[in-house]
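Subject: Structure handover

Hello,

Here is the structure I promised to pass on. Please open it and keep it on screen while you read the notes that follow.

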Amino acid sequence: MSLSKRLDVLEPQILAQAGMLEHSVYGIVDRVDKIDGELVPNIIRTWKGTIGSMVPSDEAPTILLIEKLEPMILKHKKYKCMFGSRGGTKSRMAQDVAAGEVNSQGSKVFVLRERMKSLKESIYSGIEKSIKDLALAGFRSVPSHWEIRHKTGGKFTFGGMQNIIDMKGTSNYKIFLMEEAAKTKQNTIDTLGPTLRDTPGAELWWLWNPESSQDPMSKEFINPYRADLDKKGYFEDEHHLIIKVSHKDNPWFKWDESLSQELAKDKRKVEQGIMSKSRFGWIWGDKFNDDIDSSVITEDWFIACIDAHKKLGFEPLGAKTAACDPSDTGSDPCGYAARHGVVFTDITEIEAADGNRKMDEACKRAILYGVDSFGYDADGLGATLRDNVSKSFKGKSTNIYAYKGSSKIHDPKGQFKSETTTLSRRNERLKNEDVLKNKKAQNIIGVAERIFRTYEAVVLGKYYDPDTLISFCSESIDKDMLEKLKAEACKTPVKSGDTIQFYTKEELRKGVLMPDGGRVSIPSPNLFDAVVVSLDKASIIEKVKRTRLVFDSFC
């Protein structure tokens with residue numbers, strides 16, 4: 001290296017050691033080539049400055065970024081999100097750029113998690129590595145204070161939300177960096193924005209690999225902007241910059257032997273049936289992870305049921321049935337489901353001032369649909385709404401049934417039958433009452449088996465009587481409701497016991513202990529419960545006026 005080039009490299013380090021500021025220089029990389037055994041990034045643009053205030057430069061870059069994440073340094077937004085699968089460089093980018101901002105601007109960065117009990121749970125060591133790899137001087141690690149300080153006066157501070165709520169003076173931070181943000185609570189999202197203030201150009205960065213579509217982070221930063229994210233890979237407005245990034249955007253990925261081997265290994269696991277396609281899509285793609293261990297329904301099975309009637313070529317025939325699951329708390333919406341034969345044409349949430357109005361709206365919706373049967377969950381709050389149902393259907397011949405999942409099962413002495421060993425064990429001597437705790441267990445297992453049979457019919461080509469299957473019509477069911485139903489169905493864990501049983505809504509809210517020792521809190525499954533209620537045997541009537549109903553135009 002020539003003397004002048006060596007001085008170019010040393011100059012910013014000397015300035016940093018003296019506490020003086022020097023702008024970082026960013027190189028944007030579109031591909032990486034291997035030349036004479038060395039990886040050589042192809043730099044297409046170079047920028048110098050601070051976040052949101054960059055100018056073109058012909059200087060040698062000190063920090064390299066993939067092209068997909070270039071907007072993160074060019075634009076200033078209060079909320080910046082990088083989400084996606086493994087290998088997308090989002091963590092490396094955040095660490096490098098944040099270190100560059102502290103080094104060159106004297107900025108203060110608060111590195112957060114929802115809860116952080118020790119520095120080992122943070123990216124403390126990752127930021128130390130970025131500082132070392134970038135040859136940045138002037139930094140000093142102070143683990144006893146959970147900080148990495150710089151002579152410019154800038155610093156990294158580490159902590160959980162419990163720390164930031166208790167701290168004073170957090171308003172002078174330039175960046176709140178929330179890493180591993182998938183488990184972030186709604187209250188945290190609502191708190192951090194107002195807390196980050198007073199510092200010009202202050203930003204809140206979120207980094208995460210999404211989990212459930214119904215998690216607060218997904219509902220806040222992904223679901224509302226899904227169309228743009230799917231089409232363009234990013235969303236931008238006055239306040240937000242949200243970028244979806246994966247290993248496909250990373251030009252270094254193909255040269256990373258470890259990650260490439262992991263990808264190849266997981267592809268083989270999918271081919272061998274060891275890993276579900278949905279889990280693979282979550283790890284390596286842009287899919288949500290709505291599955292949980294011990295659930296009786298998997299995401300792959302459920303997805304096969306979307307428009308299954310079209311895929312398999314059968315029409316919605318027979319009686320029309322609607323059911324609702326009245327919310328058990330005031331803030332909880334009422335789940336509503338309507339089906340034509342085995343084809344569900346309406347899945348939605350009904351929100352109103354109180355339970356009575358929600359039930360009235362559900363009845364009105366069912367009557368307009370022309371139902372032959374209407375059921376409602378009569379456990380808990382539902383028991384008080386009997387008069388609403390009676391008044392709504394007065395003078396009509398509709399079959400009304402009050403469903404109690406806690407009550408005794410249908411045909412308790414009958415032989416227990418299960419067509420899928422994945423759901424329960426086979427034993428011809430077992431009676432229903434030997435296996436099933438209550439009607440709720442009986443009906444959830446029944447719905448799960450319908451879903452599994454549909455999966456086998458759609459994916460594996462096995463023949464089943466269409467009346468034993470299930471289908472969800474995507475043309476008439478709102479996309480968000482279908483996504484929510486999927487999340488609820490795939491979060492239906494079996495409760496340990498001598499017989500098959502499932503958790504109450506209160507138990508789900510408090511948290512369910514998983515096989516790995518973790519505890520997961522599961523929102524009230526109102527939509528899925530409405531589907532379960534609609535398929536109870538009490539919905540069956542001996543004869544309906546329309547023996548063959550007209551094929552619905554929207555299906």
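Two strands are said to pair if DSSP finds at least two bridges between them. Please keep in mind that this is a predicted model.

Strand β1, which covers residues 24–35, pairs with β4 through four bridges, and the sense is parallel. One place to look is isoleucine 28, whose bridge partner in β4 is leucine 65. In general, strands of a sheet pair through backbone hydrogen bonds, in either the parallel or the antiparallel sense.

This pair belongs to an open sheet of four strands, with the order β3-β2-β1-β4 and mixed pairing. Which strands stand at the edges? They are β3 (53–56) and β4 (63–66); each has a single partner strand, so one side of each is left without a neighbour in the sheet. On average, neighbouring strands of this sheet are turned by 45° against each other, direction ignored.

Strand β2 (residues 38–50) contains leucine 39. Leucine 39 has a relative accessible area of 39% and is therefore partly exposed. Not counting residues up to four places away in sequence, leucine 39 touches Val32, Asp33, Lys34, Trp252 and Trp255. Tryptophan 255 is 216 residues away from leucine 39 in sequence, yet the C-alpha atoms of the two are 8.2 Å apart in space.

Next, a hairpin. It is formed by β15 and β16, with two residues between them, and glycine 341 in the turn has a positive phi of about 65°. Strand β15 (residues 334–340) pairs with β16 in the antiparallel sense over seven bridges. Within this pair, arginine 339 stands opposite phenylalanine 344 of β16. Strand β16 (residues 343–350) is also joined by two bridges to β19 (residues 471–472), and these two run parallel. There, valine 343 has serine 471 of β19 as its bridge partner. Is β16 mostly covered or mostly open? Mostly covered: seven of its eight residues are buried.

Now the helices. In α10 (residues 277–284), the buried residues are Ser278, Gly281, Trp282, Ile283 and Trp284. They pack against α9 (257–271) and α11 (299–305). Two packed helices are described by the angle between their axes and the distance between the axes. For α9 and α10 the angle is about 165° and the axes are 10 Å apart. Angles over 145 degrees count as roughly antiparallel, so α9 is roughly antiparallel to α10. The contact involves Leu259, Glu262, Leu263, Asp266, Lys267 and Val270 of α9, together with Lys277, Phe280, Ile283 and Trp284 of α10. These residues divide into six nonpolar, no polar and four charged. The crossing of α9 past α10 is left-handed.

Most residues other than glycine have a negative phi. Tryptophan 146 is not a glycine, but its phi is positive, about 55°. Tryptophan 146 sits in the loop between β7 (139–142) and β8 (147–150), and it counts as partly exposed at 23% relative accessibility. Glutamate 180 also has a positive phi, near 50°. Its loop lies between β10 (175–178) and α6 (186–195). With a relative accessible area of 56%, glutamate 180 is exposed.

Regards

Technical notes:
Residues numbered from 1 in each chain as written. Predicted model: local features only at pLDDT ≥ 70, side-chain atom pairs only at ≥ 80, totals over all residues. Heavy atoms only, no water. Axes fitted to C-alpha atoms, helices over the stretch in contact; angles between N-to-C directions. Buried < 20%, exposed > 50% of the residue type's maximum accessible area, 1.4 Å probe, protein only. Contact = heavy atoms within 4.5 Å. Parallel < 35°, antiparallel > 145°, perpendicular 65-115°, else oblique. Left-handed = near helix turned anticlockwise from the far one by under 90°. Nonpolar A, V, L, I, M, F, W, Y, C, P; charged D, E, K, R; others polar.
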